[in-house]
Amino acid sequence: MRRVSVFGATGSIGESTFDLLMRQGGAEAYDVVALTAGRNVARLAEQARALKPDVAVIADEASLPALREALAGTGIATAAGQAAVAEAAHRPADWIMSGIVGAAGLEPGFRALQHGTTLALANKESLVTAGPLLMAEAGARGATILPVDSEHSAVFQALAGEDMAAVETVTITASGGAFRDWPLERLARATVAEASTHPNWNMGQRITIDSASMFNKALEVIEAHEFFGLTPAQVEVLVHPESLLHALVSFRDGGMIGHLGAPDMRHAIGYALNWPERGHLPVARLDLARIGRLTFSAPDPHRYPALRLAREVMATGGLAGAAFNAAKEIALDAFIAGRIRFTDMASVVEETLDRLSGRESLGKRPGSLDMVLEMDRSARRVAAETLAELAAAERT
Ligand code: NAD
Ligand code: MG
C-alpha cells in the first residue's frame, strides 16, 4: 500500500486531499502515515478516525490534551508543536501533501524531500522562499516535486514529453481577484470581508486576499521561475476572469499548449496523487458551448503593484524571495487585523525590501534552511518596523 501523509490536512487544500483519499479507498487503500493541522483539533480528529494515520499532529501545543482525548482508544499516536510537525515529515512516506499555508510549510516539505519522497507541493511559499535549495535537495535525494498550484500543475501537464529548450514562454492566468473591476481609488477602502471573497475559487482566506492584491500571482510567477527553471522574462501573467484556462506554454515553433478545467483544486491535487497515471476525478466537466467565450487582458500595473515587486525579487534572486514572502505575510496579517489599508500591503512589502537591500545581502544564494529562516525572521522584523512607522505617520 502506498504510504501517504497530509500536512495542513484541515485547510482548503487539505480537505480536498482528504476528500480524494476517501473517494479512492481511504484507509483500506492507503497506509496513512501522518496528518497534521494548525489548531482545528475536532476536524483533525475526525479525519484521523477516518484515515487511521500512525500519528496526528497539531501545531498548537495547547491543543495536545484535547487531541489526545479525541483520539483516545484509537491507537493513533498524537503530538503537538511546530517541531513535531517537522518531525512528522521524517516518517517515511511515498507521497506527501504539502498543504500548510505560509512559510511554516517550508520546513516539513524540505524534511520530506530529504527522504527522497514524492512531494505534492501546494505550499507555494516553499519555492518562493527557498527554490534553489529545494530543487537541489530534491535532485540530490532523488525526490520528486509535483506542483499542485493549479497554474503550475497546468504547465507541468502541458510540458509532459516536451523539450524545455523549445519553450519560449510560460503564461499563467489570473482571475484578477475580488477587485478587478473596482475603480482604483476605491481600493484603499476595501474591507477584509470584501477581499476575502473570490469570484471563482473557494480557498483559504489568506490566499483569497492575496488573489485580490495579486500577491498570490506574484508568488506564483516566482514559483514558476524556480520550479521550471525559466528566466524571469519567460514567465508571463494574463488576466482571465473565467479561471478556466489555467496556463499556456508557448513553443518556438509558434504553437501554444494550454490547460483548461473547472476551477476545482481536486483536479491538480488528484493529478499529483495519481501521477503518472490519470485517475477518475469528481471534477465538473466544462461545457464550452454553453460557456461560449473566454476573455483575456493584460494585468494593470497600477492595480497590481505586487507583480512589479515579483519582477524585482527575481532580478535580485537569492534570499529576496524569502524576504518578499515574509514581508507579505506581515502586511497581510496587518490588513486582516484592520491595522493597514488594502493598498498599504504593497507599500509595506516594497519598503521592507528597500530597507533590507541596504542592510543585508538579499541576493545571497540560499545555501541552507537556516539561511532562509534567518532572512524570514529579519524581514518580519523590518516589516514590523515599517508598519509601526506607518501607524505613527498616520497619527500625526
Ligand atoms: P488554509 O488556511 O485553508 O489551510 C492551511 C492549513 O495549514 C490548515 O490545515 C492549517 O491548520 C495549517 N496551518 C496553518 N498554519 C500552520 C502552522 N503555523 N503550522 C502548521 N500548520 C499550520 O490554506 P489553503 O488555502 O489550503 O492553502 C494551503 C497552501 O496551498 C498555501 O500555500 C496556498 O498558497 C496553497 N494553495 C492553495 C490553493 C487553494 O485552493 N486553497 C490553491 C493553490 C495553492
Ligand atoms: Mg494558483
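A residue counts as buried here when its relative accessible area is under 20%. With that in hand, welcome to a predicted model in which a magnesium ion (ligand 2) is held by Asp149, Glu151 and Glu220. Two of these residues, Asp149 and Glu220, are buried. Below is a quick tour by topic.

**The magnesium site**
- Asp149 (OD), Glu151 (OE) and Glu220 (OE) coordinate the magnesium ion (ligand 2) at 2.1 Å.
- Along the chain, the donors of this ion are spaced as D-x1-E-x68-E.
- Distant parts of the chain are linked here: Asp149 sits in the loop between strand S7 (144-147) and helix H8 (150-158), while Glu220 belongs to helix H11 (residues 215-228), 71 residues apart.

- Ligand 1 is surrounded by 23 residues, and the closest are Thr10, Ile13, Gly38, Gln82 and Glu125.
- Thr10 places a polar side-chain atom 2.8 Å from an oxygen atom of ligand 1.
- The backbone takes part too: a polar backbone atom of Gly8 is 3.3 Å from an oxygen atom of ligand 1, and a backbone N or O atom of Gly11 lies 3.1 Å from an oxygen atom of this ligand.
- Ligand 1 exposes 830 Å² when taken alone, and the protein buries 86% of that.

**The nonpolar cores**
- The largest nonpolar core has 94 residues, and Phe324, Phe342 and Met345 have the most contacts inside it.
- Helix H15 (residues 320-336) gives the most to this core, with 11 residues.
- Phe324 touches residues including Phe215, Leu219, Ala306, Val313 and Leu353.
- A second, separate core has 36 residues, among them Val4, Leu20, Val32 and Val148.

How values were computed
Residues numbered from 1 in each chain as written. Chains lettered and ligands numbered in written order. Predicted model: local features only at pLDDT ≥ 70, side-chain atom pairs only at ≥ 80, totals over all residues. Heavy atoms only, no water. Donors = N, O, S within 2.8 Å, 3.2 Å for Na, K, Ca; no water. Helix = DSSP H or I, 4+ residues; strand = E, 2+ residues; numbered from the N terminus. Buried < 20%, exposed > 50% of the residue type's maximum accessible area, 1.4 Å probe, protein only. Core = buried A, V, L, I, M, F, W, Y, C linked by side-chain atoms within 4.5 Å. Contact = heavy atoms within 4.5 Å. Near = heavy atom within 4 Å. Polar contact = N/O pair within 3.5 Å; in protein donor to acceptor, adjacent residues only side chain to side chain. Areas by Shrake-Rupley, 256 points an atom, 1.4 Å probe, with all protein chains shown as cover. Lists of a residue's contacts leave out its neighbours within four places in sequence.
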